[in-house]
Amino acid sequence: MLRLENVRKYYNRNLVIDSTSLELDKGIFWIKGPNGSGKTTLLKMIAGMLPFEGDIVFNNISLKRQPFAYRQMVGWAEAEPLYPSFVTGKDLLSLYGGIRKMTVDVRNELLEKLRLSGYINDPVGTYSAGMIKKLSLALAFCGFPPLIILDEPLITLDPDAFLIVNKLIIEHHETHKTTFLISSHQDAALLSAEVGKELFVGNRTITYSNVQ
Ligand SMILES: Nc1ncnc2c1ncn2[C@@H]1O[C@H](COP(=O)(O)OP(=O)(O)OP(=O)(O)O)[C@@H](O)[C@H]1O
């Protein structure tokens, strides 16, 4: 269960997220809303990447009171990930996999599924935008955290990769009961109408509506 308690976010004096309280059960949630409505801000706050007023609680662990334990439960992938150009994909996966205590077999399975194996030993500076995107998604899945937050995971992916990522999200939700928060301008129905639910962000308020 994810709970937002009177969450509010200002950038300087600009109020972007206004006093939002929300409770979400396990599920796959799509964050929708026009450009500039606050989707990335909301996701970064839930990922523990931005300071804010209020609190966020996941599985009874508070981000404000137990920040380390909270962050251990969260995987995060940015919309436009950036990594130092000289590190390899393997370096990053070893780092994340080590922290998240993921076995090499499971890591290799993830690499195969995302078709990263062919270039994982190359420096990230040689990757295309889609290759970097897939690497960032693999890092978010590392160790199978119970909450995975993906900001625009489908941009820059080719049609094959798009389907692979959709499948991976559904598989994870079904097998590990992972909760996903996903921002996308894509149609949520592309994923799965059965498990997809939508959160609308806009007009400085958030309303939750179940689209099943
Ligand atoms: N670092 C920042 N400093 C100041 N204002 C910011 C900052 N980041 C975002 N904003 C402002 O916060 C508002 C919400 O931005 P945010 O990136 O969360 O929107 P979004 O819904 O993700 O947009 P998009 O669909 O274009 O990605 C915008 O008005 C933006 O200008």
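Predicted model: local features only at pLDDT ≥ 70, side-chain atom pairs only at ≥ 80, totals over all residues.
1. Numbering runs from 1 along each chain as its sequence is written.

2. I'd start with helix α5. Helices (H or I, at least four residues) and strands (E, at least two) are DSSP runs, numbered from the N terminus. α5 covers residues 129–141, and its 13 residues reach 19 Å from first C-alpha to last, close to the 18 Å expected at 1.5 Å a residue. That expected span is 1.5 Å times one less than the number of residues.

3. How many of the 13 residues of α5 are buried? The count is 10, so the helix is largely enclosed by the rest of the structure. The buried set is Met131, Lys133, Lys134, Leu135, Ser136, Leu137, Ala138, Leu139, Ala140 and Phe141. Note that Lys133 and Lys134 are in there. These buried residues pack against β6 (74–77), α3 (89–99), α4 (104–113), β7 (147–151) and α6 (159–176).

4. On to the core. A nonpolar core here is a set of buried Ala, Val, Leu, Ile, Met, Phe, Trp, Tyr and Cys residues joined through C-beta atoms within 7 Å. The largest one has 41 residues, and Ala138 and Ile149 touch the most other members. The largest share, seven residues, comes from α5. Leaving aside neighbours within four places in sequence, Ala138 is in contact (C-beta atoms, placed from the backbone, within 7 Å) with Leu93, Leu110, Leu111, Leu114 and Leu116. In soluble globular proteins, nonpolar side chains tend to be buried together.

5. Next, β6. Val74 and Trp76 point one way from this strand, Gly75 and Ala77 point the other way, and all are buried. β6 pairs with β7 in the parallel sense over four bridges, where pairing takes at least two DSSP bridges between two strands. Gly75 stands opposite Ile148 in β7.

6. At the other pairing, strand β1 (residues 2–11) runs antiparallel to β2, joined by seven bridges. Tyr10 stands opposite Leu15 in β2. The two strands form a hairpin with two residues between them, and Asn12 in the turn has a positive phi of about 50 degrees.

7. Which residues are around the ligand? They are Tyr11, Asn14, Val16, Gly33, Asn35, Gly36, Ser37, Gly38, Lys39, Thr40 and Thr41, where the cut-off is a C-beta atom, placed from the backbone, within 6 Å. The elements giving two or more residues to this shell are β2 (14–24) and α1 (39–46). α1 gives the most, with three residues. By class the shell has two nonpolar, eight polar and one charged residues; Ala, Val, Leu, Ile, Met, Phe, Trp, Tyr, Cys and Pro count as nonpolar, Asp, Glu, Lys and Arg as charged, and the others, Gly among them, as polar.

8. Last, some backbone angles to look at. Just after α5, Gly143 takes a positive phi of about 75 degrees. Phe144 is not a glycine, yet has a positive phi of about 50 degrees. Phe144 sits in the loop between α5 and β7 and is partly exposed, with 15 other C-beta atoms within 10 Å. Lys177, also not a glycine, has a positive phi of about 60 degrees. Lys177 lies in the loop between α6 and β8 (179–183) and counts as exposed, with 10 C-beta neighbours inside 10 Å.

Notes: Buried ≥ 20, exposed ≤ 12 C-beta atoms within 10 Å, placed from the backbone. Contact = placed C-beta atoms within 7 Å.
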